[in-house]
Amino acid sequence: MTTGYKGAAIQAFATVSMCRSLSGKEVEVRSDSNPDEVYTVGTGAIERSTPTCTCNSFKYQQGVDKHGACKHIRKVVSAMCGWHSQWNTGERQSSRQEKAQICPRCGGPTVPCRVAV
Ligand SMILES: [Zn+2]
Ligand SMILES: [Zn+2]
């Protein structure tokens, strides 16, 4: 009896919680040098995409850090909570927070996130 079946890789998923700040948003950041200028930083869903900015330094990749982030992106990302139950195992949700879907770090809402296990 030959089946020829090698067995598909079984991918298991678990649902964990993460702070809604990680699910991506657009933030307007005012230019330091020109108060009339406002740039839009898109943080994207953090596990899938890298942040973007509408300023010229991001566009031409000048004065950006080694991750390609301009100062507007750095400002938005550093102000972001970014709690994720898999990455920040030291900060666990209490069962009350888990039920109410509250982030243990910033007190904001959490969203479910599917991860491969
Ligand atoms: Zn920028
Ligand atoms: Zn949070």
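Visitor: Quick one to start: which residue in S3 is the bridge partner of Val-27?

Guide: That's Val-41. Before we go on, this is a predicted model, where local features need pLDDT of at least 70, side-chain atom pairs count only at pLDDT 80 or more, and totals for chains, interfaces and linings use all residues. Residues are numbered from 1 along each chain as its sequence is written, while chains are lettered from A and ligands numbered from 1 in the order in which they are written.

Visitor: OK, and what's the mean pLDDT of the protein?

Guide: The mean is 87, and 88% of the residues reach 70 or more. pLDDT is the predictor's confidence in each residue, from 0 to 100.

Visitor: Which elements have the lowest and highest mean pLDDT?

Guide: Strand S5 (residues 110-116) has the lowest, at 88, and helix H3 (residues 95-100) has the highest, at 96.

Visitor: How many helices and strands are there?

Guide: There are 3 helices and 5 strands, arranged along the sequence as β-β-β-β-α-α-α-β. Those are DSSP runs numbered from the N terminus: helices are H or I with at least four residues, strands are E with at least two.

Visitor: Back to the strands. What's the order in the open sheet?

Guide: S2-S3-S4, 3 strands with antiparallel pairing. S2 and strand S4 (52-53) are the edge strands, each pairing on one side only. Strands count as paired if DSSP finds at least two bridges between them.

Visitor: How many bridges between S2 and S3?

Guide: 5, in the antiparallel sense. Glu-26 stands opposite Gly-42 in S3, and Val-29 stands opposite Tyr-39.

Visitor: And between S3 and S4, how many?

Guide: S3 and S4 pair over 2 bridges, also in the antiparallel sense. Val-41 turns up here too, with Cys-53 in S4 as its bridge partner.

Visitor: What else does Val-41 touch?

Guide: Leaving out residues up to four places away in sequence, Val-41 touches Glu-26, Val-27, Val-29, Pro-51, Cys-53, His-72, Ile-73 and Val-76. A contact here is a pair of C-beta atoms, placed from the backbone, within 7 Å.

Visitor: Which residues of S3 are on the covered face, and which on the uncovered one?

Guide: Tyr-39 and Val-41 make up the covered face, while Val-38, Thr-40 and Gly-42 are on the uncovered one.

Visitor: How many of S2's residues are buried?

Guide: The count is 0 among its 5 residues, so S2 is hardly covered. For the cut-offs: buried means 20 or more other C-beta atoms within 10 Å of the residue's own, exposed means 12 or fewer, and partly exposed is in between, with C-beta atoms placed from the backbone. Over the 117 residues of the protein, 19% are buried.

Visitor: What's in the largest nonpolar core?

Guide: Tyr-39, Val-41, Cys-53, Cys-55, Phe-58, Ala-69, Cys-70, Ile-73 and Val-76, 9 residues in total. Strand S3 (38-42) and helix H2 (71-79) are the elements that give two or more residues to this core. There's also a second, separate core of 5 residues, including Met-18, Leu-22, Trp-83 and Cys-103. By nonpolar core I mean buried Ala, Val, Leu, Ile, Met, Phe, Trp, Tyr and Cys residues joined through C-beta atoms within 7 Å.

Visitor: Which residues of H2 are buried?

Guide: His-72, Ile-73 and Val-76. Looking down the axis of H2, these buried residues fall within an arc of 95°, so they line one face of the helix. That arc is taken over the directions from the helix axis to the C-beta atoms. Among what covers them are S2, S3, S4 and H1.

Visitor: Is Gln-61 buried or exposed?

Guide: Gln-61 is exposed, because 10 other C-beta atoms lie within 10 Å. Gln-101 has 14, so it counts as partly exposed.

Visitor: Last one: where is Ser-23?

Guide: In the loop between strand S1 (13-19) and strand S2 (26-30). The C-alpha atoms of Ser-23 and Cys-113 are 9.0 Å apart, though the two are 90 residues apart along the chain.

Key
Two residues are in contact if their C-beta atoms, placed from the backbone, lie within 7 Å.
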